[in-house]
Every structure is written in C-alpha cells, then in structure tokens.
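Hi everyone, thanks for coming. I'd like to walk you through one model today, so let me put it up on the screen.

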Amino acid sequence: MSASINRTFGIAKAVASKDLRVEMRSRVMTNQILPFAAIVMVLFAFALDNDGVLQRVAPGLVWMATLFTSLVVVQRSFAVEAADSAIDALRVAGVAPQGVYLGKVAALVVQLVAFEAVLAFLALILYRVNVDAHGAVLLVTTCLLGSLGIAALAAVYGGLSIAGRGRETLLPLLLLPAVAPVLIGATRATESAFGSDGARVVEGWPWVGLLAVFGAVFLFGGTLGFGPLTDE
Amino acid sequence: MPSATASVPPPTRTAATRNLGLLAIAGSVVLALLGLIFTAEDVDQGSSVRIMYVHVPTAWVAYLAFVFTAVCSAGHLWGKKHSLNLDRLAGASAEVGVIFMGVTLVTGSLWGRLSWGTYWQWDPRLTTTAFLFVTYIGYLAVRGLGGTQRQRAKRSAIVALFAVLEIPLVHFSVVIWRSLHQQATVLRPNGDVTMDGLMLFSLIFGVAVFTTIFAWLVLHRNRVLAMEDAMELRGIDTALAARRSEEVSS
C-alpha cells in the first residue's frame with residue numbers, strides 16, 4: 001500500500017518537474033503570459049478610472065486576473081500532453097493517472113503562485129494597497145490554498161481538453177462556474193490582507209479555512225476522477 | 001457484425017407514455033385554471049403571485065432533474081454493466097433540467113421585478129440557481145464532445161458527479177458571502193408568509209404537474225437519444241459493409 005503511494009508521489013514529482021522544466025525552457029510564461037497578466041491589471045485601471053475604487057476592489061481584480069491567466073496556463077499544461085500523444089505514451093507505460101494528476105496540480109500551483117506574487121506586487125504599486133507583516137502571512141497562505149483549489153479543478157477539466165479538436169473552448173465554460181467558491185473565499189481573505197474597505201486581518205483567516213476545505217474536496221474528487229476522464 | 005445487433009429501441013410512443021402525456025396536458029390545464037382564475041390575489045403581491053405556480057414547480061423539477069442525472073451517472077459508472085441507457089437517461093434529464101431552470105430564472109426575475117422592483121437580487125438561492133444553469137450547460141457541451149458512446153458516457157458521468165458536488169459548495173459559499181455584506185432584506189418567496197389553502201394546494205399541484213411533464217419529456221428524449229445512438233452504430237456498420245463489398249468487387 002505504502003509502496004504504491006510512494007510510487008504515485010514519485011510519478012507526481014516527475015510529472016511536475018517535467019512540466020515546470022518545459023515552462024522554464026519555452027519561456028512562454030515569462031515572455032507571454034506574465035506580460036498578459038500585467039496588461040490586464042493596467043486595463044482594469046483604465047476601465048475603472050478611480051483610485052479609491054481601485055484600492056477597494058483590488059483583491060477582486062487580482063483574483064479575476066489570476067482566473068483568466070489560469071485558463072491560459074491550464075490549456076498550455078495539457079497542450080503539452082496532447083502534442084505527439086504524450087499522454088498516450090504515459091498511459092501505455094502503465095503510469096498511474098493519480099500520479100499524473102497530482103503532478104499536474106503541483107506544477108499548476110507553482111505557476112499560479114508565481115503569477116499571484118506578480119499580480120499582488122502590481123496591485124501594491126498600481127492600486128496603492130498596503131500590506132503589513134500579518135497581512136503578508138495571510139496573503140501568502142491565501143495564494144497557496146486558492147491556487148490549490150483552482151489547480152485541482154482546472155487539472156480535471158483540462159484533462160477533458162486533451163484529445164484536442166476545439167475542446168479548449170470548453171474549459172472556461174466548465175472551470176469558471178466551478179471555481180466560484182474559491183474566488184469568493186480567496187477574494188475575501190485577500191480583502192482582509194489588503195485592509196480594503198476597513199477589513200481586518202483576523203477576519204481573513206476563516207476564509208482561509210474555507211479555501212483549505214475546497215482545496216481538499218476538489219483534490220480528492222480530482223484524484224478519483226482524472227483517470228477515468230482521460231482514459232480513452 | 002456484432003454491433004449491428006444493437007437492440008432497436010421501441011418507437012417513441014407507447015400506451016403508457018401516451019397516457020402520461022395526456023395526464024400532463026390535463027394537469028397543465030387545471031393548473032392554469034387554478035393559477036389564473038380560481039386562486040385569489042395575494043394581499044401584498046397582487047396578481048404577481050400567480051407566477052409562483054410556474055416558478056416554484058420548475059425550480060423544484062430542475063433540481064430533481066440534476067439529482068436524477070447524478071444518480072444515473074453514478075449508476076452508469078459503478079453499475080456492473082456500465083449501462084448506456086443510464087447514461088442517456090442522465091443526459092435527457094439534464095437537458096430537461098436546463099430548460100426548466102431557464103424557465104425558473106426567467107419567471108423568477110419577472111416576479112422579482114414586480115415584487116422587489118428589480119430583475120435581479122444577489123440572493124443566495126438565485127445566485128446558486130444561475131450558477132447551476134451555466135454548469136449544466138457545460139455538462140451538455142461535454143456530452144456533445146464526440147468520441148465513442150462509451151467515452152461520452154464515462155466522461156459525462158464524471159462531469160455530472162462534479163456538477164452535483166458543486167450544488168452545496170456554491171450554495172454554501174454564496175450564503176456566507178451574502179451574510180457578510182448585507183442581511184437578506186428581500187421577501188423570501190417561501191418565507192413566513194402564511195398561505196391560503198387553495199394557493200398552497202395549487203403550488204403543490206403545480207409541482208406534481210411539472211414532475212409529470214418532466215417524466216414524460218425525459219422518457220421521450222431518452223428514446224430519441226437511444227435511436228440516435230443506434231443509428232450511429234448502424235451507420236458505421238453500413239459504411240464497413242460498403243467498403244467490404246467494394247473490396248470484393250474490385
């Protein structure tokens with residue numbers, strides 16, 4: 001039992017490091033997706049055109065930008081598997097799908113957290129929000145757990161898009177309604193971290209608990225569902 | 001040709017479903033009479049309360065449909081035979097559920113305009129309903145992805161189970177989201193309003209009528225889906241046979 005669990009985690013580690021290596025080398029993330037996220041943050045400022053409003057809604061904007069960016073990241077993450085039928089090779093090799101799923105989630109979490117760090121930094125500068133030390137701890141925890149929730153769901157629905165043929169357009173339709181609970185929890189917790197609208201840091205922690213619950217539920221469901229979903 | 005023996009489904013018309021359909025039509029007529037003529041106006045809401053005789057039953061049936069979809073999907077996944085019929089029932093039920101949920105949203109916002117003065121309130125129940133509407137449109141899109149019937153069945157069954165898992169999660173998170181911002185000040189449709197006997201009867205009767213309509217629609221839709229699947233298999237077999245005969249003749 002423990003041997004098979006160890007093997008699953010070994011596979012997860014291999015898949016995650018492979019994904020991250022592919023991203024590092026292709027530089028799509030740094031050269032295309034990050035600038036895209038930055039321009040979204042600037043466009044929000046153009047659209048809302050009011051410093052006070054921007055400061056107040058900054059948490060929501062950070063997470064909306066994260067969600068939009070996550071769509072691009074997830075599509076890339078599974079395009080890599082679909083190209084040259086890489087996923088079929090894994091399947092034929094008898095690799096446990098749970099391992100592939102957990103690896104995909106881990107790589108997505110790392111990428112999303114990196115994005116959120118940049119987006120939060122941009123919010124500090126562009127939207128003039130303030131974060132103290134306690135707020136920073138809350139913010140980091142929120143980013144980790146919020147990314148876990150998004151990644152756990154995104155990897156399941158991303159698995160659907162593996163077989164190509166216009167299925168990429170399906171991802172936003174499936175993913176965005178499903179991550180609504182994560183968006184609500186993460187935005188409220190970030191509001192407390194930023195002190196937007198007079199929210200205090202202690203008020204944010206219950207939301208972090210909620211994010212942990214969502215992350216755990218989605219990760220559990222995804223681990224069970226990913227195998228049958230991609231097994232075609 | 002093994003797949004050519006795929007059982008030919010019965011025609012979409014049987015005595016039982018015909019009677020069910022007649023029952024649904026008769027029930028709808030009686031419900032219309034009850035809702036529009038026999039029940040009194042509400043003291044506060046006036047005639048707009050009559051929307052409730054459609055709104056509440058369609059909402060109830062939509063949720064019933066989604067739970068039924070999940071049950072059929074679970075039956076398909078964990079059943080010994082991985083029955084394709086259960087998959088088609090799940091799909092038929094979700095289709096009807098989406099239509100009824102659309103009716104719920106439209107009638108709800110019309111009623112909201114008359115009673116609350118606005119088409120939309122960020123009420124937890126409303127918000128959850130809107131989310132589910134979109135979620136199940138996504139489910140139907142997954143059903144249309146193509147591939148073999150087995151692939152479709154497995155894929156959509158898993159998505160259906162995820163979707164039903166979302167019902168409590170979305171509802172719970174929206175409830176606490178609202179509770180922090182503002183107390184629900186709106187008049188709840190099913191709140192503490194004491195109801196006139198005939199109005200209550202009409203409401204419950206409406207639920208029964210719409211459940212009958214749901215059952216009738218799902219049965220027919222299921223048969224049509226079965227025919228589509230059978231036709232698809234036949235089409236493949238016919239194409240194979242044509243190709244074989246070409247080889248022989250050449």
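A word on ground rules first. This is a predicted model, where local features need pLDDT of at least 70 and side-chain atom pairs count only at pLDDT 80 or more, while totals for chains, interfaces and linings use all residues. Residues are numbered from 1 along each chain as its sequence is written, chains are lettered from A and ligands numbered from 1 in the order in which they are written, and side-chain values use heavy atoms, with hydrogens and water left out.

So, chain A. It has 9 helices and 0 strands; helices here are DSSP runs of H or I with at least four residues, strands are runs of E with at least two, and both are numbered from the N terminus. The radius of gyration of chain A, taken over C-alpha atoms, is 18 Å, close to the 17 Å from the globule rule for 232 residues, so the chain is as compact as a globular protein of that length. That rule is 2.2 Å times the number of residues to the power 0.38. Along the principal axes, the C-alpha trace of chain A spans about 55 × 35 × 30 Å.

How much of chain A is buried? Of its 232 residues, 49% count as buried, meaning under 20% relative accessible area; exposed is over 50%, and partly exposed lies in between, with a 1.4 Å probe and protein chains only. Among chain A contacts (heavy atoms within 4.5 Å) between residues at least 6 apart in sequence, 83% join residues at least 24 apart.

Now to the charges. Over all chains there are 13 salt bridges, each a side-chain nitrogen of Lys or Arg within 4 Å of a carboxyl oxygen of Asp or Glu. Please look at Lys104(A), which is buried at a relative accessible area of 1%. Its side chain meets that of Asp19(A) in a salt bridge at 2.9 Å, N to O. Asp19(A) sits in helix 1 (residues 2–26) and Lys104(A) in helix 5, so this pair ties together parts of chain A that are 85 residues apart in sequence. Asp19(A) is buried too, with 5% relative accessibility.

Lys104(A) also forms a salt bridge with Glu81(A), at 2.8 Å, N to O. Glu81(A) belongs to helix 3 (residues 51–82), so here the link is between parts 23 residues apart in sequence. Both Glu81(A) and Lys104(A) are buried.

For a contrasting setting, take Arg200(A) and Glu203(A), whose side chains meet at 3.6 Å, N to O. Arg200(A) is exposed at 52%, and Glu203(A) is partly exposed at 38%.

Back in helix 5 (residues 97–126), we find Val100(A), buried at 4% relative accessible area. Beyond neighbours within four places in sequence, Val100(A) has contacts that include Ile11(A), Val15(A) and Phe226(A).

Over on chain B, salt bridges with shared partners join Asp87(B), Arg88(B), Arg143(B), Arg152(B) and Asp229(B) into one network. And Cys72(B) is buried, at 4% relative accessible area. Finally, Val29(B) lies in helix 1 of chain B and is partly exposed at 47%. That's my tour, and I'm happy to take questions!
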